[in-house]
Amino acid sequence: MANQNITPNPETSIFIQSHSAPLRIWHWLTFLFITSSIVTVLLNSTMFSQRDNVKLVQEQLEKKGVTVTEEQAFAVSHEYEEKMWDVHKLVGYGLAFLLLARIVIEFTQPEEEKLRNRLKRAKELRAKNDANKAEYNHYLKVKLSYTIFFLILFCMALTGLGIAFGRDLGFSREINGSLKNIHAILQYFMYSFIVIHLAGVIIAENGKIKGLVSGMINGNRS
Ligand code: HEM
Ligand code: HEM
C-alpha cells in the first residue's frame, strides 16, 4: 500500500493527497502562529514604533503641564515596544515547538505521507519522462518549497532563540547584533514563501486542482 496516495490518478491530480490529522492540526497552528508573529512585527513598526511615540508621549504630558526631554519620553515609548517583543518571543517559542513537533510527525506518520517519501516519489515520477512530466515537475517544486520553508523556519527559530537567550549564553553585543540582522533578513524569505504558497494554493484551487484546500481540512481520507 506504500505510496498509494502519491500514485498519479488520471481522474484527479497528483496534488490531491491524504494528510494525517496531526499534520493538518500542525499546518493550521503554524498558520496561526506565523500570522501572529508577523502581526507583532507589524505593530512594532507602526503603532508601537518607539521613535513615532516619543512625540506622542511628549505632547500628552505637555497637555498635563509636564515637560519631558526626548530621552525621558523615549524611556516610556520604548517600554511599549518591549512589551510587544515579549509577545513576539512567546509566539516564537511556540513556533520553535511546532518545528520540533513537525519533525516528530515526519517520523511517526504513514510512510506515504512523509515529506521525504513524497520528494523521493516525485523525483522517480519525473524521471519517467511521460506526458505528465510538467505536472510532476511542478509537484516536485512545490514539495521542495516546503523543504525550503522548514530551513527558513529553522534558521529563524535558531537566531530568535539566540537573541532571546544570548545574555544567558554569554553572547557579546556584536554577536547579538549579527543575530538580529540575520533574523531580520530572514523575515523577507518567510514573507516570500507565504506569498508564493498562498498564490499557488489559490491558483491551483481555482484551476485544475479542485479540493486542494479542503484536503488540508478533511484530510482526503476515505
Ligand atoms: C521562529 C521563532 C522566532 C523566535 C524565537 C523569535 C524571536 C525574536 C526575538 C527574541 C527578537 C528580538 C526582540 C527584541 O528586540 O527584544 C525578534 C525580533 C524580530 N523578529 Fe523574531 N522570532 C521568531 C520568528 C519570527 C518570524 C516568523 C518573523 C517574521 C516573519 C520574525 C521577525 C522578527 C523581526 C523583524 C524582528 C526585529 C529584528 C530587529 O531587531 O531588527 N521573527 N524575534
Ligand atoms: C502562514 C501561512 C502558511 C504557512 C507558513 C503554510 C505552510 C505550509 C507547509 C509547510 C505546508 C506543507 C505541509 C507538509 O507537508 O509539511 C503546507 C501545505 C499546504 N497548505 Fe499551507 N501554509 C500557510 C497558509 C495556508 C493557507 C491560508 C492555506 C489555505 C487557504 C494553505 C493551504 C495549504 C494546502 C492546501 C497545503 C497542501 C498542499 C500540497 O499538498 O502540496 N496554507 N502549508
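Colleague: In what order do the elements of the protein run from the N terminus on?

Modeller: The order is α-α-α-α-α-α-α, and the protein has 7 helices and 0 strands. Helices are DSSP runs of H or I with at least four residues, strands are runs of E with at least two, and both are numbered from the N terminus. This is a predicted model, in which local features need pLDDT of at least 70 and side-chain atom pairs count only at pLDDT 80 or more, while totals for chains, interfaces and linings use all residues. Residues are numbered from 1 along each chain as its sequence is written, and chains are lettered from A and ligands numbered from 1 in the order in which they are written.

Colleague: What is the radius of gyration of the protein, and what would a compact globule of 222 residues have?

Modeller: The protein has 23 Å, whereas a compact globule of 222 residues would have a value near 17 Å. The radius is taken over C-alpha atoms, and the globule rule is 2.2 Å times the number of residues to the power 0.38. Along its principal axes, the C-alpha trace spans about 75 × 40 × 30 Å.

Colleague: Why is K120 called partly exposed?

Modeller: K120 has 14 other C-beta atoms within 10 Å, and is therefore partly exposed. A residue is buried with 20 or more other C-beta atoms within 10 Å of its own, exposed with 12 or fewer, and partly exposed in between, the C-beta atoms being placed from the backbone. K120 lies in helix α4, residues 115-127. In the whole protein, buried residues make up 12% of the 222 residues.

Colleague: Why is ligand 2 said to lie between domain 1 and domain 2?

Modeller: Domain 1 (18-111) and domain 2 (114-222) both give residues to the shell around ligand 2, so the ligand lies between them. The domain bounds come from an automatic or database domain assignment. A residue is near a molecule if its C-beta atom, placed from the backbone, lies within 6 Å of that molecule. Of the 18 residues around ligand 2, F31, I34, Y146, L212 and M216 come nearest. Helix α1 gives the most to this shell, with 5 residues.
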